[in-house]
Amino acid sequence: MRKILYLEPVGGIAGDMFLAAGVDLGVTPEAIAQALSGLKVPGWKLSVSRAVRHAISGTHLDVVLDEREAHPHRAYSDIRQLIEAAPTLSPKAKERALAVFRAIGEAEAKVHGVSIDAIHFHEVGAVDSIVDICGAAVVLDLLGDPEVYAAPPPLGSGTIRVAHGNMPIPVPATLELLKDVPVRFEGVGELTTPTGAALLKVLARIGQPLPTDFIVERIGYGVGTKDFRDRPNVLRASMGRAEARTEGLWVLEANLDDSTPQLLGYLLEHLLGKGALDAWVVPATMKKARPGHVLSVLVDGGAKETVVDTLMRESTTLGVRSYPVERRALERDWVEVETPWGQVRVKRGLRNGEVLNAHPEFEDCRKLAEAAGVPLKQVMAAALAALGSGR
């Protein structure tokens, strides 16, 4: 069984909305705060309340700052040190939070034409954004490390005043972060913030189809601060499961454009030894007109994960496709026939008791042909003739 979290940025997404949606799904604010306590960032607390946007009720969350504390802007290196040194964050949460901050840093560096080390985070370097991003990583931990999917986010329009002055919406960092993924250019105001964009880009599969067997078990709504006229400002989060299908037959495929003939031959034999029912290689023309191959494997559901693991470990592929298939197979049996040079096993394919196909065992025929000094094809023909006379 796979845990699935599906995010729908109905009114957009921001870091506090992600945390709020997690709380609405059942994660407690106390558990989030406890996991973030090791960051050694003072002067904040979580404030959670109920809110309604366009008749949809959900959870609203604020990161409330103590105005008596200093809240400096931080460089990427400072934030990285804070996260790496936090004893209460799991290794996975640290990895996710660092990846989100790095994505924002790289986007800001690209926009400003400087290196990431020269970036001093303003809007996302403040305490509330550190809490939002690290908190999002913690929420995924507390939800059981689900696979995350997301619908394309709306970006909004207009202008907004930030540390660098008035900026168009979406702000340059948000647009840079969401290159190469589906988005929606709609709405008025800033619907998707840089933090929200980074959370989606790093943590979620944006616009990819959900598993067909996804079953929704819980639904949460993270409510944003603004109240838009044209849409409810909520992030809907559906938590559920996808049953891992292991029954039936599957075809696994991998594109290979950097494999030698020796490796391909080895893979075919090795995959059959790991439980594949059949395996084959087809020449193909890959992107940029590179010659390559498509390696396909037919496998029973019970051996699927073993064969996938073998493909990942033994081939040069970066990914394996899979899809279920139906197969109509003939009944099979073996019979022995007598030829002038000795006995040969013959595999028969039957349907309703009628023999439709027959194939002499190659190794039996080869041994007899070599021993008698006669053509292999002659032995094979004799075996089929003997089968025909004995039916």
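User: Which strands does α1 lie across, and at about what angle does α1 run to β12?

Analyst: Keep in mind that this is a predicted model. Helix α1 lies across β1, β2, β3, β12 and β13. Its direction makes about 125 degrees with β12.

User: In what order do the strands of the 7-strand open sheet come?

Analyst: The general idea comes before the case. Strands of a sheet pair through backbone hydrogen bonds, in a parallel or an antiparallel way. Here, 7 strands form an open sheet, and the order is β2-β3-β12-β13-β1-β6-β11. The pairing in this sheet is mixed. Two strands sit at the edges, β2 (44–53) and β11 (205–206), and each of them pairs on one side only.

User: How many bridges pair β12 with β13, and in which sense, parallel or antiparallel?

Analyst: Strand β12 covers residues 214–223, and strand β13 covers residues 234–242. They pair over 9 bridges in the antiparallel sense.

User: How many cavities of 30 Å³ or more are counted?

Analyst: Again, the idea leads. Rolling a probe the size of a water molecule over the atoms shows where empty space is left. In this model the count is 1 cavity of 30 Å³ or more. The volume of the largest cavity is about 30 Å³.

User: Which residues line the largest cavity?

Analyst: The lining is made of Leu-5, Leu-7, Phe-18, Ala-21, Gly-22, Leu-25, Val-139, Leu-143 and Ala-237.

User: Now a single residue. Is Val-63 buried or exposed?

Analyst: The cut-off for buried is under 20% relative accessible area. Val-63 has a relative accessible area of 16%, so Val-63 is buried. This residue is found in strand β3 (residues 56–65).

User: Which residues is Val-63 in contact with, leaving aside its neighbours within four places in sequence?

Analyst: They are Trp-44, Lys-45, Leu-46, Asp-128, Val-131 and Asp-132. Now compare a distance along the chain with one in space. Val-63 and Leu-311 are 248 residues apart in sequence. In space, their C-alpha atoms are 46 Å apart.

User: What joins β8 to β9?

Analyst: A hairpin does, through 2 residues. Strands β8 (residues 159–162) and β9 (residues 165–168) run antiparallel and are joined by 4 bridges. Arg-161 stands opposite Asn-166 in β9.

User: Last topic: backbone angles. Which residues are joined by a cis peptide bond?

Analyst: Most peptide bonds are trans, and most residues other than glycine have a negative phi. Here, a cis bond joins Ile-169 and Pro-170, with omega at about 0 degrees. Pro-170 is in the loop between β9 and α6 (172–177).

User: What is phi of Ala-289, and where is the place of Ala-289?

Analyst: Phi of Ala-289 is near 65 degrees, a positive value. Ala-289 is in the loop between β15 (276–285) and β16 (291–300). Ala-289 is exposed, at 61% relative accessible area. Asn-352 has a positive phi too, of about 55 degrees. Asn-352 lies in the loop between β19 and β20, and Asn-352 is exposed at 73%.

Terms used
Residues numbered from 1 in each chain as written. Predicted model: local features only at pLDDT ≥ 70, side-chain atom pairs only at ≥ 80, totals over all residues. Heavy atoms only, no water. 1 Å grid on protein atoms, 1.4 Å probe; cavity = no way out; pocket = protein on both sides within 12 Å on 5 of 7 lines; lining within 4 Å. Points joined across faces, edges and corners; volume = space filled by probe spheres on them. Pairing = 2+ DSSP bridges. Buried < 20%, exposed > 50% of the residue type's maximum accessible area, 1.4 Å probe, protein only. Contact = heavy atoms within 4.5 Å. Axes fitted to C-alpha atoms, helices over the stretch in contact; angles between N-to-C directions.
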